[in-house]
Amino acid sequence: MNMRAVSKHWAASAAGTLAVLAMTACGATSNPLDGGEASGPGDGALVVGSANFPENETLAEIYAGALNAAGVPATTKLSIGSREVYVRALQDGSIDLVPDYSGNLLRYADPEATAVSAEDVMAALPAELPAGLAVLEPAAAENKNSIVVTQATAEEYDLESLADLGKVCDRIALGMPPEAEERPQGLPGLKAAYGCVPKEFVPINDSGGPVTVGALLEDQIQAANVFSTSPLIAKHNLITLEDPKDNFAAQQVVPLIQEDRVDTEAAEVLNEVSRQLTTDDLIQLNEEVSGEAKRSARDAAAAWLESNGFTS
């Protein structure tokens, strides 16, 4: 089967700690497939990878669980690392598929891409992917990058949007994932769209998680890149700045596959997951895994699968 036919549907007082986090992360991803968490039936199964943040790990468990329920053996290899790392893992056959996000994937594949709407992103994406890789149907579920600030910072600088932030960017420290220093939607995009060149760029390698939000709450940074479905936004009453120039493109959840390994049967199972997965589901799953319940990604995924009819 030609899967391309199917695919037509991230302050100085924090510097020491944050530098250690960044260096640790570099070490952890230098050999990314040696020590990630594995689950599932084992040899011969499709290997579902994930990036190194809880939502993506939960999505990987959903993909693997749905496949297993349909009789397609699948296992997981979690927390591989950033997109730069897991794309290499797909290409060398270490994993067979991974949940990804449409807009960021397009800009990874084509740094000059200008598509921002969900439809335009998915129309442009298949032709830009590396040889041998393809995408399946996207979900309505979306998790966009966003820049958030505390209410105190929003009031101090009169911030409602990234355009407002651009006017005072030279007075703030901005926390983002390390790779955002070069990614088009990171520092380059913020500069081009809003003239935002922060006083300090602070790389934090927890994908907008508790370390990032902790630095924001302690005023070690004044703005942070946090995923829009993070339960930490509501928990801490953070303000999400509007993005009127669409620096952050549409980010639908989409399976990225090694097309020689994912056959028609497996593709249809993954497409059915996409048809049922919603943004509200992502927020709820993130609350279960990253909130006070501290449920494992596998358990949260299993509950979602059962409630949505993915049972063996």
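**A cysteine pair and its surroundings**

Modeller: Happy to. Cys169 has a relative accessibility of 1%, so Cys169 counts as buried (under 20% relative accessible area, with exposed over 50% and partly exposed in between, using a 1.4 Å probe and protein chains only). Please keep in mind that this is a predicted model: local features need pLDDT of at least 70 and side-chain atom pairs pLDDT 80 or more, while totals for chains, interfaces and linings use all residues. Residues are numbered from 1 along each chain as its sequence is written, and side-chain values use heavy atoms, without hydrogens or water.

Cys169 is joined to Cys196 by a disulfide, with the sulfurs 1.9 Å apart (the rule is a pair of cysteine sulfur atoms within 2.5 Å). Cys169 sits in the loop between α8 (162-168) and β7 (173-176), and Cys196 in the loop between α9 (187-194) and β8 (200-203), so the bond ties together parts 27 residues apart in sequence (helices are DSSP runs of H or I with at least four residues, strands runs of E with at least two, both numbered from the N terminus). By this rule the count is one disulfide.

Cys196 is buried too, because its relative accessibility is 2%. Apart from neighbours within four places in sequence, Cys196 is in contact with Leu165, Gly166, Cys169, Leu190 and Lys191 (heavy atoms within 4.5 Å). Lys167 lies 29 residues from Cys196 in sequence, yet their C-alpha atoms are 7.2 Å apart.

Moving on to another loop, Asp96 is located between α4 (83-91) and β4 (97-101). Asp96 counts as buried because its relative accessibility is 3%. The side chain of Asp96 makes a polar contact of 3.0 Å with the side chain of Arg261 (N or O atoms within 3.5 Å; within protein, one able to donate a hydrogen and the other to accept it, and residues adjacent in sequence counting only if both atoms are side-chain atoms). Setting aside neighbours within four places in sequence, Asp96 is also in contact with Ala45, Leu46, Val47, Leu90, Leu256, Ile257, Gln258 and Val262.

One of these partners, Leu90, is among the buried residues of α4, together with Arg83, Val85, Tyr86, Val87 and Ala89. After α4 comes Gly93, with a positive phi near 85 degrees.
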